[in-house]
Amino acid sequence: MITISQTIKAIKNSSAEDVVKQCLERIEGSKYNTFITVAKKEAIEAARNVNVHLGPLAGVPIAIKDNISTKGIQTTCASRILGGYVPPYDAHVIERLKEAGAVIVGKVNMDEFAMGTSTETSHYGPTLNPWDTKRVPGGSSGGSAATIAAGEVPLALGSDTGGSVRCPASFCGVVGLKPTYGLISRYGLISYANSLEQIGPIASNVEDMTLLFNVIAGHDPRDSTSVPGEKDYTNALVDDVKGLTIGVPKDYFGDGIDQAVEKSVWDGVHRLEDLGASWQEVEMPHTKYALAAYYVIAMSEASSNLARFDGMRYGLRLEKDHDWHTTYSEIRAQGFGEEVKRRILLGTYALSAGYMDKYYLKALKVRTLIKQDFERALKSTDVLIAPTMPTPAFKLGEKISDPLTLYMADVNTVPVNLSGVPSVSLPCGFSNGMPIGLQIMGKHFDEETIIRTAYTFEQNTDFHTKAPEVA
Amino acid sequence: MREESLKLRPYLDEVGVMIGLEIHVQLNKLNTKIFCGCPLDYHDDGPNTHTCPVCLGLPGSLPVINRKAVEYSIKVGLALGCSIEEHTQFYRKNYYYPDLPKGFQITQYDYPIASSGYINIEGEDGEVRIRINRAHMEEDPGRLVHEGGSIERSKHTLIDYNRSGVALLEIVTEPDIRSPKEARRFLDKLRNILGYLDVVDTTLEGSMRVDANISLAGGSRSEVKNISSHKGAERALLFEIVRQKNLLRRGGKVVQETRHFDEARGVTVSLRTKEEAHDYRYFPEADLVPLKVADWAPGIAETLPELPDARRQRFISRYGVTDDHAKSLTSEKQVADFYEQVAAEVDPKLAAVWIADVLKGELNYRSFSIDAYASEKMVQLVKLLAGDKITEQSGVEVIRTILDEGGTPDEVVAAKGLLKAGDDLVTAAVEEVISKNPGAVEDYQNGKHEAVNFLMGQVMKKTKGRADAKEVRKMIIQRV
C-alpha cells in the first residue's frame, strides 16, 4: 500500500506528473475492477499544473467514489441509469481537494447507488478483494477500499450510509472514517438516504486518513445540515491513551459473530488497556432493532431520492419515446438494477398511506432510542469499541441472492448512522489471511478522541503494515 | 355574466353552496428562488436560462432556504391574522410529473409557516369573515410548453425550468365562501392585501393561481384546478354549481374528484376521481433543518404597513369621504397613496370624487395604472375645479386629454380654451338664442318643458361648452 509521505517523496524526486502517470498505469493494469472511469487526461493535466509546494495534498492522487459529483468527469453511481452523466459542477469535497492540490485520477466502483455490502450490485461488475479475489471487498465503497489495499492509489473518498466506508475498510484491511453527520458537506454527494449518510476518507493508515479528513471537513453554506467551524484534526495524531475509558457494547458481539473476529477485537481492547486505557462493558439494549429501523428509513428516503432519475434531463434514454408515463417506467425499469428496485419498492410501501405509522414513523422512534443508547453509553466512557463487521470478507456470490442475510452483515455499522456519531474502522487482525476490522465509535463531533485512539493502536501494532500480495 | 348570476340566484339560496379556495401566490418580488440563488427576472429571457444544479434537481444538489422568502411568508401570515408556528418544517410531496425535476416537491405539511387567520369581505348579505386554515411555503415546478398549442394536439412537450424553484405561498381557506361572487371578492381582497405588503407583483402571469373546492348541500366536493384569474374563478364556480345541481336533479350523485377548468370553453372536465387520487407519501425533508420562526415574527410585525381595512376607516374619519369612496380609494395601495398626496393639497372630498369616480374609470377604460397620471396634475385640476375656473365637463376632458396625449391641466385648459366663459358672454349668448328661436320660446311657454333643452344646447354651442350648464338653464327659464 502507498502512503502520502511516500507519494510526496516520490514527487520531490521526480514530478507530480510522473507520480500520477505511474498511478494511472497501476489503475489500468488493475485485476480487481476497482475503477468505473479513469480520468487519465484530466489527471495528467491537473498534475502538470499543480504547484507542488502549495496545499497539503499537492500532487497526491486520489480515487473518488462514483456517487460524488465531479465536474467534467462521468459520475454513474454504478448504475446504468446514470451512464454518460457528466456533472456540470463539483461536489464541495472535490472543490476542497482541488484547493489542497490533490489529483483526481478517476471514479471508483461501488454498489449501485451505494445500496449493498459487497460491491456486487454495480452495473459495471463486482470489484474483487485484493486479499483474495474470490472474495468481496465489502461495500458499498468497495472500489475505494480495494484500490488502496491493492496499492494503486494512496487515498480515496467513500460514503457511509449504513457502514459503506467502514465495511470495505474492514474487509480490505485499510482505515476508513464515518464522520459525525454534518461535519462534511454532502453538496454533490448523490443521495441514497440523506438523513444517514456522510462522505468519508479512506487510506492505508490513520495518519493519511486524518490528513485527508482535515482537507474535506468544514462548513459549506450549500448544505443546510453542515455545521460551522473548522478544526485541525492532525493535532489528534497523538500516541497516548492514558486515562481513556473504553466502552465495549456486548450487544455488538451477538449471534453469528466469527470467533476470530471476536478474539481480535478483544485483543485490541486489551492492547489499549496495556497502553493506559481502561475499559468497561456497556449496555446498548436497542441495538437489536437498529437493523430493521435502518432499512425502513434508508429505503423510504431512497424511494424519494431516486425519483429524479427519469431520463428526461440526463442519463439513460431509450430509443423510442412514448407518453411521459410509459417512457419514465421503461427508463426506470431498464436503468435500475434488482437491489435498487427492491429498495425503492419497499421504501415506497413503508411511506404509503396506512403503512407509514407502522413502518416509517416507528423506525424514527427506534432511531431516537438508538441515539439515547449512544448518549447513555458515552456518558461514562470516551469511546466505544466493537467489531466493524461480524465476519471477515465473504465469498463473491455467497450472499447476493439472499438479501436478508446480506442485510444482517450491517448489524454493527448501522446504529452509528442512525445516531449520527463518528466511527473509524482500522485493521486489528487476520483470519485465514483475511483482514479483520476494529470499530472505534465516539461522541458527536469528537473525532479527535477516536483518531487519537486509532492512532495509538496503530502505532503499537503492525496490522497496518501488512498488504496483500498484488499479482 | 350578470344574466348568469341572476339565473343562479335561486340555486344559491336553495342548495347550500360551500366553497374553499387554495391560492398559490408567487413571491415574485424576491430577488432569488426559494432554494437556490437563481434570479427571478427571467420573464424576458429564453427558456432554461435561469437555472442551476439545485432548481434543475441535478443529482447531488441540495436546497438552502431563502430567508427572505420566509420573511415574506410570515409577513403575509401576519397580515391575514394568522398565528406563526414556533417551528416550521419542510416536507417532500412525492409524485412524478415532467415539470418536477426531483420527482418530489419540497413543500410544507405539518408545521406550516402560518395558520388560523381570516379575511373580511363584502358577502352576499353584508360583511362576512372567511377563515384562513393555513398558509404554507413551497417551490413552483417548471413550466410545460406544448408545441402546437394544446396538450391534445401537440406532438411533443418542452420543459422550461426558469420557473422551477420560484417561492410559492399556498393560502388555504376554510369552506366559508357561499357564492362565486364571494369567491371573486375574496380573491380581489387578497390581491389587494398582497399589494399593500409589496411581496407580489400580481400583474405577472401566474402570480396568483387558484384551486377551488366546491360542494352543494353537504354532498361530495369537487376540486377545480387550473384557474388563472379571479374572473375565471367566478366562472368556473358558476359552471360547477350548475353542473352539480343538474347532476343531482337528474338523480345522479356528485363524486369526489379533481376537475380541470378549461378557460377557453368555460367548462370543467374530470381529471381523476378519488380512487385514482395520488398518495403523496409526505415525509420530512431532511436536507432542510426546522426553522425556529417564532423569534422572527415580532420584528416582522413591526414592518407591516397599514392594511386596506384600517386605511379605509382612516380615510372616512380623517378626510370625511363616503364609505364607497374610501373603499375604492384603498383597493390598491398605489391609488391610496396617490389620493393622500392629493388630499394633502386640496379639498379631500372633492379630490375623492375626482379620483374615485372619474380618474379610476378613465384609467380602467385604458387599462392604465395610476402611474399614468401624476398626483401634481390632479392637484392642479382639483384647484381649477374648486376655483370654479372650469366646468366639470371640461375637467373630464382634461383628464382624458392628459391620459391620451400628455400635458398638464393648465396646458390643456389653455390649448383648448376651456376656461369658463365670462358672464357677459353667456348673457349675450342667451339673449341671442332667445331672440332667434321664438318658436322654441313659445313651445316652452305653452308647457313643453323639453324646449328649454334645445335652447340650452344652442347656448352651449355658442359658448363652445365653456358655460356652466346649470347657470345657463336658470338664465333661460328666468327670461322666457
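Domain bounds here come from an automatic or database domain assignment. On that basis, chain B of this predicted model falls into domain 1 (2-301), domain 2 (308-416) and domain 3 (423-479). Chain A is assigned domain 1, built from 4-244 + 381-465, and domain 2, covering 287-365.

**Domains and how they sit**

- In chain B, the C-alpha centres of domain 1 and domain 3 are 62 Å apart.
- In chain A, the centres of domain 1 and domain 2, taken over C-alpha atoms, are separated by 26 Å.
- Contacts between these two domains of chain A involve 30 residues of domain 1 and 24 residues of domain 2.
- On the domain 1 side of that contact, α13 (403-408) and α14 (414-419) of chain A each supply at least two residues, and α14(A) gives the largest share, with 4 residues.
- Sorted by class, this side of domain 1 of chain A has 15 nonpolar, 12 polar and 3 charged residues.

**The sheet of chain A**

- Chain A has an open sheet of 11 strands with mixed pairing, in the order β1-β3-β2-β4-β6-β5-β10-β11-β9-β7-β8.
- At its edges are β1 (35-38) and β8 (278-282) of chain A, each of which pairs on one side only.
- From one strand to the next, the twist averages 30 degrees.
- Strands β7 (residues 245-249) and β9 (residues 383-387) of chain A are parallel partners joined over 2 bridges, and A:Gly247 is found opposite A:Leu384 in β9(A).
- Helix α5 (residues 142-149) of chain A packs on this sheet, where it touches β1, β2 (61-65), β3 (103-108), β4 (155-160), β5 (175-178) and β6 (198-203) of chain A.
- The direction of α5(A) makes about 155 degrees with that of β4(A).
- Helix α5(A) is mostly covered, with 8 of its 8 residues buried; among them are A:Gly142, A:Gly143, A:Ser144 and A:Ile148.
- After α5(A) comes A:Gly151, which has a positive phi near 70 degrees.

**The sheet of chain B**

- Chain B has an open sheet of 9 strands, again with mixed pairing, ordered β2-β5-β6-β9-β1-β10-β11-β12-β13.
- Its edge strands, β2 (83-84) and β13 (267-273) of chain B, each have a single partner strand, so one side of each is left without a neighbour in the sheet.
- Strand β1 (residues 17-26) of chain B runs antiparallel to β10 (residues 208-216) of chain B, and 9 bridges join them; along this pair, B:Gly20 stands opposite B:Asn213 in β10(B).
- Helix α2 (residues 67-79) of chain B packs on the sheet against β2, β5 (114-123), β6 (126-139) and β9 (167-173) of chain B, and its direction makes about 165 degrees with that of β6(B).
- Helix α4 (residues 230-249) of chain B also packs on the sheet, touching β1, β10, β11 (222-227), β12 (257-262) and β13 of chain B; the direction of α4(B) makes about 20 degrees with that of β10(B).
- Strands β12(B) and β13(B) are antiparallel partners over 6 bridges, with B:Arg259 bridged to B:Ser270 in β13(B).
- These two strands, β12(B) and β13(B), form a hairpin with 4 residues between them, and B:Gly266 in the turn has a positive phi of about 70 degrees.

**Nonpolar cores**

- The largest nonpolar core has 220 residues, of which A:Ile62, A:Val103, A:Ile104, A:Val105, A:Ile202 and B:Ala212 touch the most other members.
- Helix α9 (residues 287-305) of chain A gives the most to this core, contributing 10 residues.
- Leaving aside residues up to four places away in sequence, A:Val105 touches a set of residues including A:Val20, A:Leu24, A:Ile27, A:Val38, A:Ile62 and A:Val153.
- A second, separate core has 29 residues, including B:Leu381, B:Val412, B:Val413 and B:Leu418.

**Where the chains meet**

- Between the chains, 31 residues of chain A are in contact with 24 residues of chain B.
- On the chain A side, α9, α10 (324-335) and α11 (338-351) each supply at least two residues.
- By class, that side of chain A has 15 nonpolar, 10 polar and 6 charged residues.

How values were computed: Residues numbered from 1 in each chain as written. Chains lettered and ligands numbered in written order. Predicted model: local features only at pLDDT ≥ 70, side-chain atom pairs only at ≥ 80, totals over all residues. Pairing = 2+ DSSP bridges. Contact = placed C-beta atoms within 7 Å. Axes fitted to C-alpha atoms, helices over the stretch in contact; angles between N-to-C directions. Core = buried A, V, L, I, M, F, W, Y, C linked by C-beta atoms within 7 Å. Buried ≥ 20, exposed ≤ 12 C-beta atoms within 10 Å, placed from the backbone. Nonpolar A, V, L, I, M, F, W, Y, C, P; charged D, E, K, R; others polar.
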